[in-house]
Amino acid sequence: MTALALGCSHTFGVGVDSSECYVSLLEKYYNTSIINTARPGGNAQQCLQQLVEHLRVSSPEFVIAQWPNPFRRTTWFGNRGLDENIHKASAVFNSLLAASSKNFMEPWLQCIYTADTLCKLSRTKVIHILFEDLEPEYTELIKKHNVVLHQDLKLPGQTWLFDSAGSDNLHHSATCHAQWAERLTGLLNETT
Amino acid sequence: MKLHDYFNGTWTGFRQPELVEGKHFVTTGCSHTGAVGLDISQGYTAILAHDMRMPGINLSRPGGNHQICVYNITRWLRYNQPDFVIAQWPHPVRKLIWRNGSAAVLNVHADQDPLFDTMLRYGEENFYCEWIQSMLTITVLCETMKIPCVHWTLEDVDPAYQRILRDNNIVLHSNNDTSSVWNRDHNAKDKRHHSAACHAQWAQKLKGLLNEHTTQ
(Lines give C-alpha, C1' and ligand atoms only; values in the text may rest on other atoms or scores of the structure.)
Protein backbone atom coordinates (compact mmCIF):
# COMPACT_ATOMS: atom_id res chain seq x y z
CA MET A 1 0.00 0.00 0.00
CA THR A 2 1.08 3.53 -0.66
CA ALA A 3 -0.14 6.98 0.26
CA LEU A 4 0.08 10.29 -1.52
CA ALA A 5 1.25 13.73 -0.41
CA LEU A 6 0.32 16.86 -2.36
CA GLY A 7 1.65 20.32 -1.69
CA CYS A 8 4.34 22.93 -2.19
CA SER A 9 7.80 23.52 -0.71
CA HIS A 10 6.59 22.74 2.83
CA THR A 11 5.63 19.22 1.84
CA PHE A 12 8.64 18.89 -0.43
CA GLY A 13 10.73 19.56 2.68
CA VAL A 14 12.66 22.61 1.49
CA GLY A 15 15.03 23.75 4.26
CA VAL A 16 15.28 20.39 6.04
CA ASP A 17 16.95 17.09 5.33
CA SER A 18 14.60 14.77 3.48
CA SER A 19 14.55 12.41 6.46
CA GLU A 20 13.27 15.28 8.62
CA CYS A 21 10.41 16.20 6.32
CA TYR A 22 7.00 15.45 7.80
CA VAL A 23 6.20 13.14 4.90
CA SER A 24 9.20 10.94 5.78
CA LEU A 25 8.16 10.96 9.44
CA LEU A 26 4.67 9.78 8.47
CA GLU A 27 6.18 7.08 6.29
CA LYS A 28 8.10 5.77 9.27
CA TYR A 29 5.13 6.00 11.62
CA TYR A 30 2.76 4.18 9.30
CA ASN A 31 5.43 1.94 7.81
CA THR A 32 4.12 2.74 4.37
CA SER A 33 5.52 4.38 1.32
CA ILE A 34 4.22 7.87 0.60
CA ILE A 35 4.59 9.27 -2.89
CA ASN A 36 5.58 12.88 -2.35
CA THR A 37 4.33 14.81 -5.38
CA ALA A 38 4.94 18.24 -3.82
CA ARG A 39 6.54 20.88 -5.95
CA PRO A 40 8.32 23.89 -4.51
CA GLY A 41 6.48 26.98 -5.70
CA GLY A 42 3.60 24.78 -6.80
CA ASN A 43 -0.05 25.75 -6.88
CA ALA A 44 -3.41 24.18 -6.12
CA GLN A 45 -4.14 23.33 -9.74
CA GLN A 46 -0.96 21.25 -9.90
CA CYS A 47 -1.90 19.47 -6.67
CA LEU A 48 -5.28 18.56 -8.13
CA GLN A 49 -3.62 17.39 -11.32
CA GLN A 50 -1.30 15.10 -9.35
CA LEU A 51 -4.22 13.66 -7.44
CA VAL A 52 -6.24 13.04 -10.59
CA GLU A 53 -3.34 11.32 -12.31
CA HIS A 54 -2.53 9.12 -9.31
CA LEU A 55 -6.12 8.16 -8.54
CA ARG A 56 -6.52 7.04 -12.11
CA VAL A 57 -3.86 4.38 -11.76
CA SER A 58 -3.68 3.60 -8.06
CA SER A 59 -5.62 3.47 -4.83
CA PRO A 60 -3.63 5.26 -2.16
CA GLU A 61 -4.25 4.34 1.45
CA PHE A 62 -4.62 8.00 2.30
CA VAL A 63 -3.89 11.43 0.85
CA ILE A 64 -2.33 14.40 2.60
CA ALA A 65 -3.32 17.50 0.66
CA GLN A 66 -1.34 20.53 1.79
CA TRP A 67 -2.88 23.34 -0.19
CA PRO A 68 -0.41 25.99 -1.35
CA ASN A 69 -1.01 29.71 -1.00
CA PRO A 70 -4.07 30.60 -3.10
CA PHE A 71 -2.25 33.44 -4.81
CA ARG A 72 -0.29 31.24 -7.13
CA ARG A 73 -1.01 30.16 -10.66
CA THR A 74 0.67 28.86 -13.77
CA THR A 75 0.83 31.30 -16.65
CA TRP A 76 1.75 29.96 -20.05
CA PHE A 77 4.09 31.75 -22.41
CA GLY A 78 3.63 29.64 -25.50
CA ASN A 79 4.31 26.09 -24.41
CA ARG A 80 6.36 27.18 -21.39
CA GLY A 81 4.44 27.25 -18.14
CA LEU A 82 5.73 29.49 -15.36
CA ASP A 83 4.73 29.07 -11.73
CA GLU A 84 3.85 32.55 -10.56
CA ASN A 85 3.21 34.14 -7.19
CA ILE A 86 2.90 37.65 -5.82
CA HIS A 87 6.68 38.06 -5.84
CA LYS A 88 7.10 36.70 -9.33
CA ALA A 89 4.17 37.92 -11.35
CA SER A 90 3.45 38.59 -15.00
CA ALA A 91 1.06 41.23 -16.31
CA VAL A 92 -1.67 38.59 -16.44
CA PHE A 93 -1.15 37.65 -12.80
CA ASN A 94 -1.18 41.30 -11.70
CA SER A 95 -4.25 42.11 -13.77
CA LEU A 96 -6.15 39.15 -12.34
CA LEU A 97 -5.23 40.25 -8.84
CA ALA A 98 -6.19 43.85 -9.53
CA ALA A 99 -9.55 42.75 -10.93
CA SER A 100 -10.46 40.68 -7.88
CA SER A 101 -8.87 38.35 -5.35
CA LYS A 102 -11.66 35.94 -6.31
CA ASN A 103 -9.75 35.22 -9.52
CA PHE A 104 -7.41 33.27 -7.28
CA MET A 105 -9.67 32.23 -4.43
CA GLU A 106 -12.46 30.72 -6.51
CA PRO A 107 -10.28 28.37 -8.60
CA TRP A 108 -8.35 27.48 -5.44
CA LEU A 109 -11.56 26.54 -3.62
CA GLN A 110 -12.73 24.60 -6.64
CA CYS A 111 -9.50 22.57 -6.62
CA ILE A 112 -10.00 21.66 -2.96
CA TYR A 113 -13.64 20.79 -3.51
CA THR A 114 -12.89 18.66 -6.56
CA ALA A 115 -10.04 16.88 -4.78
CA ASP A 116 -12.24 16.20 -1.78
CA THR A 117 -15.00 14.82 -4.00
CA LEU A 118 -12.56 12.60 -5.89
CA CYS A 119 -11.26 11.17 -2.63
CA LYS A 120 -14.76 10.76 -1.20
CA LEU A 121 -16.02 8.92 -4.27
CA SER A 122 -12.95 6.70 -4.45
CA ARG A 123 -13.22 6.03 -0.69
CA THR A 124 -9.76 7.43 -0.13
CA LYS A 125 -9.08 9.03 3.22
CA VAL A 126 -7.92 12.62 2.74
CA ILE A 127 -6.62 15.20 5.16
CA HIS A 128 -6.68 18.75 3.81
CA ILE A 129 -4.23 21.09 5.49
CA LEU A 130 -3.54 24.77 5.07
CA PHE A 131 -0.60 26.66 6.51
CA GLU A 132 -1.89 30.02 5.33
CA ASP A 133 -4.47 32.19 7.03
CA LEU A 134 -7.83 32.23 5.33
CA GLU A 135 -10.49 34.91 5.41
CA PRO A 136 -13.58 33.85 7.39
CA GLU A 137 -15.83 34.08 4.32
CA TYR A 138 -13.80 31.35 2.63
CA THR A 139 -13.58 29.23 5.75
CA GLU A 140 -17.38 29.36 5.85
CA LEU A 141 -17.65 28.50 2.17
CA ILE A 142 -15.46 25.44 2.62
CA LYS A 143 -17.54 24.31 5.59
CA LYS A 144 -20.73 24.85 3.61
CA HIS A 145 -19.38 22.47 0.99
CA ASN A 146 -18.77 19.82 3.68
CA VAL A 147 -15.01 19.90 3.28
CA VAL A 148 -12.81 19.79 6.38
CA LEU A 149 -9.75 21.99 6.00
CA HIS A 150 -7.32 21.94 8.91
CA GLN A 151 -6.05 25.45 9.28
CA ASP A 152 -3.88 27.19 11.81
CA LEU A 153 -6.53 28.18 14.33
CA LYS A 154 -3.87 29.21 16.83
CA LEU A 155 -5.54 27.09 19.49
CA PRO A 156 -3.96 24.23 21.43
CA GLY A 157 -3.96 21.15 19.21
CA GLN A 158 -5.23 23.16 16.25
CA THR A 159 -2.15 25.04 15.26
CA TRP A 160 0.67 24.35 12.84
CA LEU A 161 3.99 25.28 14.39
CA PHE A 162 5.97 27.76 12.29
CA ASP A 163 9.40 29.30 12.39
CA SER A 164 11.80 30.34 9.70
CA ALA A 165 14.57 28.12 10.95
CA GLY A 166 14.92 25.89 7.90
CA SER A 167 18.42 25.85 6.43
CA ASP A 168 17.36 28.58 3.99
CA ASN A 169 16.02 30.79 6.81
CA LEU A 170 12.76 30.98 4.94
CA HIS A 171 11.18 27.61 5.43
CA HIS A 172 10.51 25.72 8.62
CA SER A 173 12.66 23.67 10.91
CA ALA A 174 12.76 19.97 11.64
CA THR A 175 10.93 20.75 14.89
CA CYS A 176 8.01 22.17 12.89
CA HIS A 177 7.94 19.15 10.62
CA ALA A 178 7.90 16.87 13.66
CA GLN A 179 4.89 18.77 15.08
CA TRP A 180 3.10 18.64 11.72
CA ALA A 181 3.66 14.90 11.54
CA GLU A 182 2.31 14.47 15.06
CA ARG A 183 -0.81 16.53 14.35
CA LEU A 184 -1.36 14.71 11.07
CA THR A 185 -1.01 11.35 12.75
CA GLY A 186 -3.72 12.41 15.17
CA LEU A 187 -5.96 13.57 12.33
CA LEU A 188 -5.40 10.41 10.31
CA ASN A 189 -6.09 8.22 13.32
CA GLU A 190 -9.27 10.22 14.06
CA THR A 191 -10.63 9.53 10.60
CA THR A 192 -9.87 5.81 10.73
CA MET B 1 -31.50 19.21 2.05
CA LYS B 2 -33.60 19.24 -1.10
CA LEU B 3 -31.71 19.20 -4.34
CA HIS B 4 -33.70 22.19 -5.51
CA ASP B 5 -32.39 24.24 -2.63
CA TYR B 6 -28.88 23.01 -3.07
CA PHE B 7 -28.52 24.18 -6.63
CA ASN B 8 -30.59 27.33 -6.68
CA GLY B 9 -29.10 30.73 -6.21
CA THR B 10 -25.53 30.09 -7.30
CA TRP B 11 -23.70 31.85 -10.09
CA THR B 12 -23.49 28.49 -11.81
CA GLY B 13 -27.20 28.55 -12.58
CA PHE B 14 -28.49 26.24 -15.28
CA ARG B 15 -31.52 25.65 -17.39
CA GLN B 16 -33.43 22.93 -15.61
CA PRO B 17 -37.03 23.28 -14.55
CA GLU B 18 -37.08 20.49 -12.01
CA LEU B 19 -34.59 18.19 -10.37
CA VAL B 20 -35.29 14.58 -9.61
CA GLU B 21 -33.67 11.75 -7.74
CA GLY B 22 -33.39 8.08 -8.80
CA LYS B 23 -32.49 6.74 -12.24
CA HIS B 24 -31.32 9.59 -14.41
CA PHE B 25 -28.49 10.96 -16.52
CA VAL B 26 -26.78 14.33 -16.58
CA THR B 27 -25.56 16.59 -19.34
CA THR B 28 -23.29 19.57 -19.06
CA GLY B 29 -22.06 22.17 -21.49
CA CYS B 30 -22.79 25.67 -22.72
CA SER B 31 -25.65 27.20 -24.72
CA HIS B 32 -25.70 24.24 -27.11
CA THR B 33 -26.64 21.87 -24.32
CA GLY B 34 -28.84 24.58 -22.85
CA ALA B 35 -30.74 24.46 -26.16
CA VAL B 36 -30.63 28.21 -26.53
CA GLY B 37 -32.81 29.29 -29.43
CA LEU B 38 -35.15 26.32 -29.04
CA ASP B 39 -37.83 25.16 -26.73
CA ILE B 40 -36.13 23.11 -24.06
CA SER B 41 -38.12 20.04 -25.18
CA GLN B 42 -36.29 20.20 -28.53
CA GLY B 43 -32.84 20.07 -26.94
CA TYR B 44 -30.81 16.89 -27.17
CA THR B 45 -31.02 16.33 -23.42
CA ALA B 46 -34.81 16.25 -23.58
CA ILE B 47 -34.72 13.98 -26.65
CA LEU B 48 -32.40 11.53 -24.91
CA ALA B 49 -34.54 11.66 -21.77
CA HIS B 50 -37.61 10.82 -23.81
CA ASP B 51 -35.93 8.06 -25.82
CA MET B 52 -34.18 6.50 -22.85
CA ARG B 53 -37.16 6.86 -20.55
CA MET B 54 -35.34 8.46 -17.70
CA PRO B 55 -34.95 12.03 -16.49
CA GLY B 56 -32.12 14.00 -18.02
CA ILE B 57 -30.64 16.60 -15.72
CA ASN B 58 -29.32 19.48 -17.76
CA LEU B 59 -26.48 21.15 -15.86
CA SER B 60 -25.41 23.36 -18.75
CA ARG B 61 -24.79 27.05 -18.51
CA PRO B 62 -25.22 29.23 -21.63
CA GLY B 63 -21.96 31.12 -22.18
CA GLY B 64 -20.24 28.84 -19.68
CA ASN B 65 -16.78 27.40 -19.81
CA HIS B 66 -15.01 24.23 -18.73
CA GLN B 67 -14.64 25.39 -15.11
CA ILE B 68 -18.39 25.69 -14.75
CA CYS B 69 -18.84 22.24 -16.29
CA VAL B 70 -16.43 20.72 -13.78
CA TYR B 71 -18.02 22.54 -10.88
CA ASN B 72 -21.55 21.47 -11.75
CA ILE B 73 -20.65 17.87 -12.54
CA THR B 74 -18.53 17.53 -9.41
CA ARG B 75 -21.32 18.88 -7.25
CA TRP B 76 -23.78 16.54 -8.86
CA LEU B 77 -21.64 13.41 -8.63
CA ARG B 78 -20.80 14.11 -5.01
CA TYR B 79 -24.40 13.41 -4.04
CA ASN B 80 -25.91 11.46 -6.92
CA GLN B 81 -25.20 8.40 -9.04
CA PRO B 82 -26.44 9.06 -12.56
CA ASP B 83 -26.55 6.29 -15.15
CA PHE B 84 -24.27 8.23 -17.45
CA VAL B 85 -22.75 11.64 -18.05
CA ILE B 86 -22.62 13.59 -21.28
CA ALA B 87 -20.06 16.37 -21.22
CA GLN B 88 -20.26 18.85 -24.08
CA TRP B 89 -17.12 20.91 -23.74
CA PRO B 90 -17.55 24.61 -24.50
CA HIS B 91 -15.10 26.55 -26.63
CA PRO B 92 -11.70 26.32 -24.89
CA VAL B 93 -10.96 30.03 -25.24
CA ARG B 94 -13.31 31.19 -22.52
CA LYS B 95 -12.29 32.44 -19.14
CA LEU B 96 -14.18 33.05 -15.95
CA ILE B 97 -13.05 36.44 -14.69
CA TRP B 98 -14.09 38.07 -11.45
CA ARG B 99 -14.47 41.81 -11.22
CA ASN B 100 -16.05 43.81 -8.42
CA GLY B 101 -17.47 40.74 -6.77
CA SER B 102 -19.22 39.28 -9.79
CA ALA B 103 -18.08 36.73 -12.35
CA ALA B 104 -18.34 36.79 -16.12
CA VAL B 105 -17.17 34.32 -18.70
CA LEU B 106 -15.18 36.16 -21.34
CA ASN B 107 -14.83 34.66 -24.81
CA VAL B 108 -13.04 35.35 -28.08
CA HIS B 109 -15.43 38.20 -28.80
CA ALA B 110 -14.12 39.92 -25.66
CA ASP B 111 -11.01 41.15 -27.41
CA GLN B 112 -11.62 44.57 -25.98
CA ASP B 113 -10.74 43.18 -22.59
CA PRO B 114 -7.03 43.83 -22.03
CA LEU B 115 -6.64 41.00 -19.52
CA PHE B 116 -8.24 38.40 -21.76
CA ASP B 117 -6.33 39.74 -24.71
CA THR B 118 -2.98 39.54 -22.89
CA MET B 119 -3.69 36.02 -21.76
CA LEU B 120 -4.45 34.99 -25.32
CA ARG B 121 -1.39 36.82 -26.61
CA TYR B 122 0.85 34.95 -24.14
CA GLY B 123 -0.41 31.69 -25.58
CA GLU B 124 -3.52 29.64 -26.20
CA GLU B 125 -2.05 27.20 -23.68
CA ASN B 126 -3.47 29.53 -21.02
CA PHE B 127 -6.84 28.21 -22.10
CA TYR B 128 -6.23 24.77 -23.51
CA CYS B 129 -4.21 23.32 -20.61
CA GLU B 130 -7.00 23.94 -18.11
CA TRP B 131 -9.60 22.78 -20.63
CA ILE B 132 -7.84 19.44 -20.99
CA GLN B 133 -7.29 19.21 -17.26
CA SER B 134 -11.02 19.66 -16.71
CA MET B 135 -11.76 16.84 -19.11
CA LEU B 136 -9.30 14.59 -17.30
CA THR B 137 -10.86 15.45 -13.94
CA ILE B 138 -14.37 14.54 -15.09
CA THR B 139 -13.05 11.38 -16.74
CA VAL B 140 -11.45 10.20 -13.51
CA LEU B 141 -14.51 11.14 -11.44
CA CYS B 142 -16.70 9.07 -13.75
CA GLU B 143 -14.22 6.19 -13.88
CA THR B 144 -14.11 6.17 -10.09
CA MET B 145 -17.89 5.85 -9.98
CA LYS B 146 -17.94 3.45 -12.94
CA ILE B 147 -20.27 5.80 -14.81
CA PRO B 148 -19.98 5.97 -18.62
CA CYS B 149 -19.04 9.45 -19.77
CA VAL B 150 -19.16 10.73 -23.33
CA HIS B 151 -17.05 13.80 -24.04
CA TRP B 152 -17.96 15.82 -27.08
CA THR B 153 -17.45 19.26 -28.52
CA LEU B 154 -18.75 21.23 -31.46
CA GLU B 155 -15.38 22.94 -31.78
CA ASP B 156 -12.48 21.89 -33.93
CA VAL B 157 -9.57 20.69 -31.85
CA ASP B 158 -5.98 21.19 -32.90
CA PRO B 159 -4.16 17.86 -33.52
CA ALA B 160 -1.58 18.71 -30.86
CA TYR B 161 -4.28 18.83 -28.20
CA GLN B 162 -6.00 15.77 -29.60
CA ARG B 163 -2.72 13.95 -29.13
CA ILE B 164 -2.53 15.03 -25.48
CA LEU B 165 -6.07 13.80 -24.97
CA ARG B 166 -5.27 10.48 -26.60
CA ASP B 167 -2.13 10.14 -24.47
CA ASN B 168 -4.39 10.51 -21.45
CA ASN B 169 -6.84 7.93 -22.79
CA ILE B 170 -9.59 10.49 -23.19
CA VAL B 171 -11.89 10.13 -26.17
CA LEU B 172 -13.23 13.52 -27.22
CA HIS B 173 -15.76 13.34 -30.04
CA SER B 174 -15.15 16.49 -32.05
CA ASN B 175 -15.93 17.47 -35.60
CA ASN B 176 -12.44 16.60 -36.74
CA ASP B 177 -13.61 13.21 -37.89
CA THR B 178 -15.33 14.14 -41.14
CA SER B 179 -17.07 10.77 -41.36
CA SER B 180 -18.93 11.39 -38.14
CA VAL B 181 -19.74 15.07 -37.71
CA TRP B 182 -22.07 16.91 -35.37
CA ASN B 183 -24.55 18.69 -37.63
CA ARG B 184 -24.53 22.47 -37.31
CA ASP B 185 -26.65 25.23 -38.79
CA HIS B 186 -27.83 28.62 -37.56
CA ASN B 187 -31.51 27.85 -37.73
CA ALA B 188 -32.52 28.24 -34.13
CA LYS B 189 -34.82 31.14 -33.30
CA ASP B 190 -31.88 33.40 -32.49
CA LYS B 191 -30.23 32.60 -35.87
CA ARG B 192 -27.02 31.87 -34.02
CA HIS B 193 -27.62 28.52 -32.40
CA HIS B 194 -28.58 25.25 -33.96
CA SER B 195 -31.91 23.86 -35.04
CA ALA B 196 -34.08 21.15 -33.59
CA ALA B 197 -32.90 18.93 -36.45
CA CYS B 198 -29.31 19.32 -35.28
CA HIS B 199 -30.27 18.43 -31.74
CA ALA B 200 -32.08 15.35 -33.01
CA GLN B 201 -28.93 14.28 -34.88
CA TRP B 202 -26.77 14.92 -31.80
CA ALA B 203 -29.11 12.80 -29.70
CA GLN B 204 -28.91 9.94 -32.21
CA LYS B 205 -25.14 10.14 -32.36
CA LEU B 206 -24.85 10.30 -28.58
CA LYS B 207 -27.04 7.23 -28.22
CA GLY B 208 -24.69 5.36 -30.54
CA LEU B 209 -21.67 6.50 -28.57
CA LEU B 210 -23.30 5.48 -25.31
CA ASN B 211 -24.06 2.04 -26.69
CA GLU B 212 -20.44 1.70 -27.77
CA HIS B 213 -19.35 2.80 -24.32
CA THR B 214 -21.54 0.36 -22.43
CA THR B 215 -20.72 -2.58 -24.64
CA GLN B 216 -16.98 -2.10 -24.54
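Modeller: A salt bridge here is a side-chain nitrogen of Lys or Arg within 4 Å of a carboxyl oxygen of Asp or Glu. This is a predicted model, in which local features need pLDDT of at least 70 and side-chain atom pairs count only at pLDDT 80 or more, while totals for chains, interfaces and linings use all residues. Side-chain values use heavy atoms, with hydrogens and water left out.

Biologist: How many salt bridges does the rule find across the interface of chain A and chain B?

Modeller: The rule finds two. In one of them, B:E143 pairs with A:R56, with 2.8 Å between the closest N and O atoms.

Biologist: And what area do the two chains bury between them?

Modeller: About 3,100 Å², of which 59% is on carbon and sulfur atoms. Buried area is the accessible area (1.4 Å probe) that two parts lose on being put together, summed over both. Chain A and chain B each bring 36 residues to the contact, where contact means heavy atoms within 4.5 Å.

Biologist: Changing topic, is A:N43 buried or exposed?

Modeller: A:N43 has 2% relative accessibility and therefore counts as buried; the term means under 20% relative accessible area, with exposed over 50% and partly exposed in between (1.4 Å probe, protein chains only).

Biologist: Which side chain does the side chain of A:N43 join in a polar contact?

Modeller: That of A:T74, at 2.9 Å. A polar contact is a pair of N or O atoms within 3.5 Å; within protein, one must be able to donate a hydrogen and the other to accept it, and residues adjacent in sequence count only if both atoms are side-chain atoms. A polar atom of the A:N43 side chain also lies 3.2 Å from the backbone nitrogen of A:Q45.

Notes
Residues numbered from 1 in each chain as written. Chains lettered and ligands numbered in written order.
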